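Reader: I'd like to learn how to read a structure like this one. Could you walk me through it feature by feature?

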Amino acid sequence: MAALVLLRYGEIALKGKNRRFFEQALLENVKTALKGLGARVVRLHGRFLIYGEEAEEDAIIRRLSRVFGVVSLSSVKTAPLELEAIKEKAVEMVGSGPLPGGSFKVEARRPNKSFPVTSPELNRILGGAILARHPGLKVDVENPSFCLFVEIGAKESYLYRDQVPGPGGLPVGASGQALLLLSGGIDSPVAGWMAMKRGLRLEAVHYHSYPFTGLRSREKVIDLCRLLAQYCGRLELHLVNVAGIQKEIQAHCPADLGIILLRRMMMRIAEALSRQRGLQALVTGESLGQVASQTLESMIAIENATSMLILRPLLGMDKQEIVALARKTGSYEISIRPYEDCCTLFLPRHPATRPRLERVIQAEEALDTRSLTESALESMESMAIED
Ligand code: ATP
Ligand code: MG
């Protein structure tokens, strides 16, 4: 027997005339997520139906539960458009042996109005058939222990019980493209996940100071991208060496501004890279008040180096909330592996926490920011990372 999975999407349906565009983006992402499984996707009035091999049903549901835009998924059984057949299937789906006392309700929909039995009548008839077979059960429409959903389609009827939640949000790609500044820490992968959830397709840039930062850090960032690719199919990662820039900063600028100046260079490189790649915004894992570089004054001094829109999806979140989300998405276990971060190298003993913008700009005059940006990009290494 074949497996059949019903996929529901919510927010998309609310988007008025954009609806077709969103549906198309979701359809493509669903097909990408199912690649290699030989499953077929069919549109069905505001939902998708996925036909696949029975042995692959779990894999289909698992993969689709990571596709943004998916609200929920159900394993579905079909019956012909005949009342007796639907009754039989409904009873079969409730179970065969004697059931412990519990309550249920039947919830029928009839998009196909040519079917002669109305939804309330169907609820009653199917409920009656189930009660006749399982006298220990009760009907409870307010707070049932389980629901049996029945949908009368154009060619057949669909019955299902459980709903597996999807991640919600908007299909990746539907909102545009952005560049994620991905460190090896806990925050930026979560920020990337949240940006993807709002429909952004991402590329990632990671700044390292090889050979001062080791290959373990590199592996870690690649693993984080592989994790993110589970939610978007594919991710381009750019690795940029900033060791030379750090040495310049150390040699020519006040020590307490070292991190701010490095961050400004990261923004410049990110902007130039975005222009090359046609990306419209930057995404960071910054939150407010977490560390010295995340005071309002520091953020003002950092973002002053670029004219691009910077999205900070974590801004209002507490560390515990970020950690909880990192655990949910699966990035936490990768992020807590030990690593060297380029920002902790050459770390000033007393970083400025409330740097004045004029002082920062003046300190930066000692650097040739343009040629530093260009040479960092020339030695950049890029790779495509797939799920
Ligand atoms: P994270 O956990 O993401 O490292 P954090 O709490 O350590 O964040 P910061 O070190 O202040 O915060 O970094 C703020 C943001 O700057 C990061 O979330 C990330 O977006 C960006 N960033 C920092 N270091 C790097 C890096 N080496 N490569 C790319 N982006 C970076
Ligand atoms: Mg960090």
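Reader: Leaving aside its neighbours within four places in sequence, which residues is Cys-225 in contact with?

Author: This is a predicted model, and in it Cys-225 is in contact with Leu-182, Ala-204, Leu-235, Leu-237 and Ile-385, once neighbours within four places in sequence are set aside.

Reader: And how do I read a set of contacts like that?

Author: Start with the general idea: in soluble globular proteins, nonpolar side chains tend to be buried together. Here, the largest nonpolar core has 37 residues, and Cys-225 is among the members that touch the most others, along with Leu-182, Met-196, Leu-202, Leu-237 and Val-283. Helix H6, residues 215-232, gives the most to this core, with eight residues. There is also a second, separate core of 36 residues, which includes Ile-269, Ala-270, Ala-363 and Ala-376.

Reader: Now helix H5: how many of its residues are buried?

Author: Buried means under 20% relative accessible area. Nine of the eleven residues of H5 are buried, so the helix is largely enclosed by the rest of the structure. The buried ones are Asp-187, Ser-188, Pro-189, Val-190, Ala-191, Gly-192, Trp-193, Ala-195 and Met-196.

Reader: What covers the buried residues of H5?

Author: The cover includes strands S10 (176-181), S11 and S13 (281-283), plus helices H6, H10 (319-329) and H11 (332-335). Just after H5, look at the backbone too: Gly-199 takes a positive phi of about 90 degrees.

Reader: Let's go to the ligand. Which residues come nearest to ligand 1?

Author: With a ligand, list the neighbours, then look at the polar pairs, then at the cover. Leu-181, Ser-183, Asp-187, Ser-188 and Gln-294 come nearest, out of 22 residues around ligand 1. For the polar pairs, an oxygen atom of ligand 1 is 2.6 Å from a polar backbone atom of Ser-188. A backbone N or O atom of Leu-181 lies 2.7 Å from a ligand oxygen, and a polar backbone atom of Leu-182 is 3.4 Å from a ligand nitrogen. As for cover, ligand 1 has 570 Å² of accessible area on its own, and the protein covers 91% of that.

Reader: Which elements give two or more residues to the shell around ligand 1?

Author: Those are helix H5 (187-197), strand S11 (200-208) and helix H8 (258-277). S11 provides the largest share, three residues. By type, the shell divides into nine nonpolar, nine polar and four charged residues.

Reader: How about loops? Is Asn-112 buried or exposed?

Author: Asn-112 sits in the loop between strand S5 (102-109) and helix H4 (119-133). Asn-112 counts as buried because its relative accessible area is 13%. Its side chain reaches the backbone oxygen of Gly-153 at 2.8 Å. Beyond neighbours within four places in sequence, Asn-112 is in contact with Leu-81, Ile-152, Gly-153 and Ala-154.

Reader: And Asp-162, buried or exposed?

Author: Exposed means over 50%. Asp-162 is exposed, because its relative accessible area is 58%. It lies in the loop between strands S8 (157-160) and S9 (164-165). Again setting aside neighbours within four places in sequence, Asp-162 is in contact with Leu-73, Ser-74 and Ser-75. Sequence distance is worth checking too: Asp-162 and Phe-146 are 16 residues apart in sequence and 8.4 Å apart in space, C-alpha to C-alpha.

Conventions:
Residues are numbered from 1 along each chain as its sequence is written. Chains are lettered from A and ligands numbered from 1 in the order in which they are written. This is a predicted model: local features need pLDDT of at least 70, side-chain atom pairs count only at pLDDT 80 or more; totals for chains, interfaces and linings use all residues. Side-chain values use heavy atoms; hydrogens and water are left out. A residue is near a molecule or strand if one of its heavy atoms lies within 4 Å of it. A polar contact is a pair of N or O atoms within 3.5 Å; within protein, one must be able to donate a hydrogen and the other to accept it, and residues adjacent in sequence count only if both atoms are side-chain atoms. Accessible areas come from the Shrake-Rupley method with a 1.4 Å probe; for residues, only the protein chains shown count as cover. Helices (H or I, at least four residues) and strands (E, at least two) are DSSP runs, numbered from the N terminus. Ala, Val, Leu, Ile, Met, Phe, Trp, Tyr, Cys and Pro count as nonpolar, Asp, Glu, Lys and Arg as charged, and the others, Gly among them, as polar. A nonpolar core is a set of buried Ala, Val, Leu, Ile, Met, Phe, Trp, Tyr and Cys residues joined through side-chain atoms within 4.5 Å. Buried means under 20% relative accessible area, exposed over 50%, partly exposed in between (1.4 Å probe, protein chains only). Contact means heavy atoms within 4.5 Å.
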